[in-house]
Amino acid sequence: MPNAHDSWADVYDEVNRRSFGGFLDALTSRTIHAVGSIAPAGGRILDIGAGTGRLALPLAQRGYRLTAVDASSEMLAILRCKAARLGIGGLRTVTASAVHLLTTLPRGEFDLALLVFSVVSYLVSEQELRRAAVGIGNALADDRYIFSPALTPPCRGTRRPEEPTPSRRRHRRTAAPERVRPGRSGYDPRRCR
Ligand SMILES: C[S@@+](CC[C@H](N)C(=O)[O-])C[C@H]1O[C@@H](n2cnc3c(N)ncnc32)[C@H](O)[C@@H]1O
């Protein structure tokens with residue numbers, strides 16, 4: 001069944017680049033660093049709401065074994081295209097909602113689960129949050145972690161004092177509405193199903 005995020009998968013990276021620029025690059029680096037401090041080398045990572053692979057791809061390049069889950073098959077198709085272009089093999093993708101992980105993923109397989117960059121905000125009821133939490137708990141090995149930083153990119157009027165000023169300035173500068181044309185990704189998802 002089509003998912004709302006299917007419609008912008010092709011321009012997702014470009015929209016993020018224009019909207020957040022260096023802030024997102026810095027967030028990516030910091031997240032990868034944080035993952036490196038809690039996941040065992042070569043560990044099995046479950047990236048839930050993986051999108052087009054902002055984290056899954058560089059983590060796979062660092063030797064982690066990635067399973068990328070997303071409710072949008074189009075987001076995952078772009079991710080696979082990018083993985084193929086980067087020569088990344090062995091990265092598994094699963095098209096599923098986070099609320100259906102209990103019936104989708106094997107038990108106790110993963111060392112770390114990621115829900116990063118507003119993925120939690122798509123779980124819109126207590127029931128959905130509970131179902132996701134139970135599914136993730138089932139998929140994780142004992143004593144393993146869920147990594148879901150509450151940090152979201154700074155938007156006008158919502159900046160928190162501890163967030164760095166330069167990223168806020170950049171966001172303001174690029175906040176004017178712009179049209180991002182389809183086909184920006186340069187990938188043909190039909191080839192990467
Ligand atoms: C803002 S993007 C974040 C992508 C990626 N985690 C990142 O850091 O760039 C949110 C992603 O969550 C996915 N998503 C939304 N609701 C979901 C759900 N219920 N289960 C799994 N993925 C979901 C969307 O399809 C989208 O790819």
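Strands S1 and S4 pair in the parallel sense over 3 bridges, where pairing calls for at least two DSSP bridges between two strands. Helices (H or I, at least four residues) and strands (E, at least two) are DSSP runs, numbered from the N terminus. The model is predicted, so to speak of local features a pLDDT of at least 70 is needed, side-chain atom pairs count only at pLDDT 80 or more, and totals for chains, interfaces and linings use all residues. Residue numbers start from 1 along each chain as its sequence is written.

Within that strand pair, Ile45 has Leu112 of S4 as its bridge partner.

Next comes the nonpolar core, meaning a set of buried Ala, Val, Leu, Ile, Met, Phe, Trp, Tyr and Cys residues joined through C-beta atoms within 7 Å. A residue counts as buried with 20 or more other C-beta atoms within 10 Å of its own, as exposed with 12 or fewer, and as partly exposed in between, with C-beta atoms placed from the backbone. The largest such core has 42 residues, of which Ile45, Ile48, Ala56, Ala113 and Leu114 touch the most other members. Among the elements giving two or more residues to this core are strand S1 (44–48), helix H3 (56–61) and helix H5 (126–139). Helix H4 supplies the largest share, 7 residues.

Leu79 lies in helix H4 and is buried, with 29 other C-beta atoms within 10 Å. Not counting residues up to four places away in sequence, Leu79 touches Ala50, Thr52, Gly53, Ala56, Ala68 and Thr93; contact means C-beta atoms, placed from the backbone, within 7 Å. With neighbours within four places in sequence left aside, the contacts of Ala56 include Asp47, Leu66 and Leu91. Leu79 and Leu57 are 22 residues apart in sequence and 7.9 Å apart in space, C-alpha to C-alpha.

Methods. Contact = placed C-beta atoms within 7 Å.
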